[in-house]
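Subject: The structure, and what turned up in it

Hi,

Here is the structure I promised to pass on. Please have it open while you read the notes that follow.

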Amino acid sequence: MAVRLQMNLGLVAETQRLPDSADTVVVVEPNIGSMSRTKGSLFLLVTGAGGRKLREATKIVAERIRDDYYYDLSAGISVCLRKAVRNANSVLLHSPERPPQVDGESSPIGLALAVVRGNELYVATLGPAEAYLIRQARLLTLPDTSPDSGLPDEDVVGPEVWHGEITMGDCLILISPNVTQRIGLGPIQDTVGQLHPQGAVDQIHRQFGSGSLGSTGGDGLVVVEATEVASTHRAQPLKPVWPSGSHAGAPERSPIPLADTVVGGVAAVQVSARHAQATADGWLRRGAYSLFDRMPQRAMSRGRVTPMTVRRERQQRAALAVIGLLAVIAIVGTSMWFFAGANKTDNIDSRQRAEQAYAKVQADLAQVYGNGRDLMTSDPAKAAGILKDAYQQLQFARDNGYPTADLADAQAQVVAGLNRYYNVTMIQPNVVASFSTDDLERLVLGPDGAAYVIDSTTSAVYWVNLQTGTKLRILFAGQDAVGGIVGNPRVLATGGPDVLILDDFNSVWRWRPASGDTTGRGALVKVNIPDNVTWGLGARAMGTYIVNPQLGQYNLYVVVPSASQILKYPPATDGSSYPTAGRTPYLKVAQDVSSVDDMYVDGKVYLVDKGQIIQWELGQKVTGWSPDPPGVRSGEKDGDVLLRPKAPVYTRLTADNPNQDQGTFYAYDGLNRRIVAFKKSDGTFFGQYMVPPTMPWLSALKGLFVTTGTGGTNPTLYWIESGSLMRASLNPSSTPTSQASSSLKPSPSSSVPPATSPSPSGKH
């Protein structure tokens, strides 16, 4: 009869891991009975969606969870698991290996863990990691995945722990989502159901890392199969017996007559003699000792001499006791005085300082807006100085306990005035088209005046009419098009009459809208680029530059981290391909481009790299060009750091004019939820656009472009965010500076001059 379960384990060996995998696997099966009965066996997978650079971060998380879980004996398994995850998150937040994270994007590290104790199973997942249970040929998800979460997270509360029973034949799978996306759950289920766990893991890993898939990235995989172990019975050891014979069982005796009797008698006499000797010795000793006790004795002297060291130690202890008593008396007295009146006095002083600060705020506002005046119009610099003082006084009043609700009106007026000074325009977004997903990745403005959007959830590209919001799918993964099979679309760009789409097979597809058509019709053809197989899987951005407007021919630029270069491809003479012979590295000196988020080309090349915008010309970085700080005015250098102290972190870039050094750049700063405009020619600050604080928009923008009317009038911003294509007018006359400042007179200084180019561009 079976008495317990045994776990057969399969996992990927460290020597077989892919070079750019960041995943870490930890398996602990205690060999101590008490530990096995209380904590069970731990199977843990920590996966990172960021390449090998996250290997140390996932290792830190895995080791911290393992150590804290087995060290903590204060609660049950579920509570200890959640506490261990929280502790690991705290360690990662303060570790130098903490991965960089942009606001609005999900955390890059996920984990899947399981604990088996007897026939009990505990499973938890967090972030980009998955756990499945195969029971009776059925695949169950344990628990539901939540890819939006993950580590590090400032507000993590610990994952939800699923608790159930594991029986003979069950198979538990902890796996990176990168593997399931590449292979599919069906083939994984069939392989695990047919092979031993280790054989199944080897088969899945070979299929994932080689062949037609050619996959890279996270390859973490743990398979655990529950089998029964039969009980064993330990037999009683055999005892030897006398050999068989005619006298078997009879006692042994001497062959000499009366020998046994004589030997027994001698032995008895010897024992009796020893007893008699011991008795006589005891009587003699007691007699001698009693005689000595009756003899007269001298009394022992009781005088003692205390050593000098002992006396000094006693004196030191006495002095310390007196000092300690005085210290206790002083502490008790000070505490009684403090609680009796000092705290009350401090509270009164703090309240008075807060009221004085609030009165100063009212006086400052009266100087700017009192008696019908608007100092922001007549003397903006002086008004800004007064409002900056008022802003600091508001912070001082709040820090000293003034009610926040009572400061709200004054705060709104001060912030509205400063926003006017810093050229902030509040925009009112509206939805152009909604998608059934939150995973929109890229956006460009096509040559036909329509928007083109990548939806990563459905692995498709959509054409969207900007006037009606009508959507049409023009490309999808697995589509059999002219030139081959389409992969998952990753990057968009526009060039001349075409929309270019780069998929995860490094194939570039050209969509050319039908001439004069407004319904989304067009032709899809694969662009022949012979050496695209050398780009790897990390191409970050594409850009184009028109070289023959009559024929619609353009150079192609591709950011390739594996080559540490921007590869430039001139078109063939007939424009049908980009031959390898014409390819040249654009950068004069190769450099790391793995963190490039966006690129814009207008003859010069602009890269959005590590939150900064850098201009390149003829392959060399231009040192004399950089965008001004947002909100900066003539004679200043800091900009609006008083309201928004965090430096801008740019991730997306577009322009309203495709000509070199003409028009305006618009860059997305996700850290401060704003669009910053500056001139292409010299980076001079132009204006900034924000939504009212009560609106959630501009928190996770993934792509944008700007259109203008004739003569650069009526600039309109389009962007994708939270499953929607959004639109907002950037015309200051139609968008108030702030809802809280509706009672304030608008200032010409808050206006943003119109763009100089009459032609829109969505190339990025």
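A word on burial before the details: a residue is called buried under 20% relative accessible area, exposed over 50%, and partly exposed in between, with a 1.4 Å probe and protein chains only. Please keep in mind that this is a predicted model, in which local features need pLDDT of at least 70 and side-chain atom pairs count only at pLDDT 80 or more, while totals for chains, interfaces and linings use all residues. Residues are numbered from 1 along each chain as its sequence is written, and side-chain values use heavy atoms, with hydrogens and water left out.

Let me start with backbone details. Most residues other than glycine have a negative phi, and most peptide bonds are trans. R673 has a positive phi, near 55°, although R673 is not a glycine. R673 sits in the loop between β32 and β33 and, at 25% relative accessibility, counts as partly exposed. (Strands here are DSSP runs of E with at least two residues, helices are runs of H or I with at least four, and both are numbered from the N terminus.) D661 also has a positive phi, near 60°. Its place is the loop between β31 and β32 (664-669), and its relative accessibility of 29% makes D661 partly exposed. As for the peptide bonds, the one joining L151 and P152 is cis, with omega about -5°. P152 belongs to the loop between β7 and β8.

Now to the charged pairs. Side chains of opposite charge can pair when their charged atoms come close. The whole structure has 23 salt bridges, each being a side-chain nitrogen of Lys or Arg within 4 Å of a carboxyl oxygen of Asp or Glu. Three of them may interest you:

- D640 pairs with R674, with the closest N and O atoms 2.9 Å apart. D640 is in the loop between β30 (620-621) and β31 (650-655), and R674 is in strand β33 (residues 674-679), so the bridge ties together parts 34 residues apart in sequence. Both D640 and R674 are buried. Shared partners join D640, R644, D669 and R674 into one network of salt bridges.
- E154 pairs with R98, the closest N and O atoms being 3.6 Å apart. E154 lies in the loop between β7 (138-141) and β8 (161-165), and R98 in the loop between α3 (77-93) and β4 (109-117), so this pair links parts 56 residues apart in sequence. E154 is exposed at 57% relative accessible area, whereas R98 is partly exposed at 35%.
- R117 meets E120 at 2.9 Å, N to O. R117 is partly exposed at 24%, and E120 is partly exposed at 23%.

What about the surface? V322, L325, L326 and I329 make a nonpolar patch of about 410 Å². Patches are built from residues with over 30% relative accessible area and no salt bridge, joining like charges within 9 Å and nonpolar side chains (Val, Leu, Ile, Met, Phe, Trp, Tyr) within 5 Å. The areas come from the Shrake-Rupley method with a 1.4 Å probe, and for residues only the protein chains shown count as cover. I329 is part of helix α8 (residues 308-369) and is exposed at 51% relative accessibility.

I hope this helps you find your way around.

Best wishes
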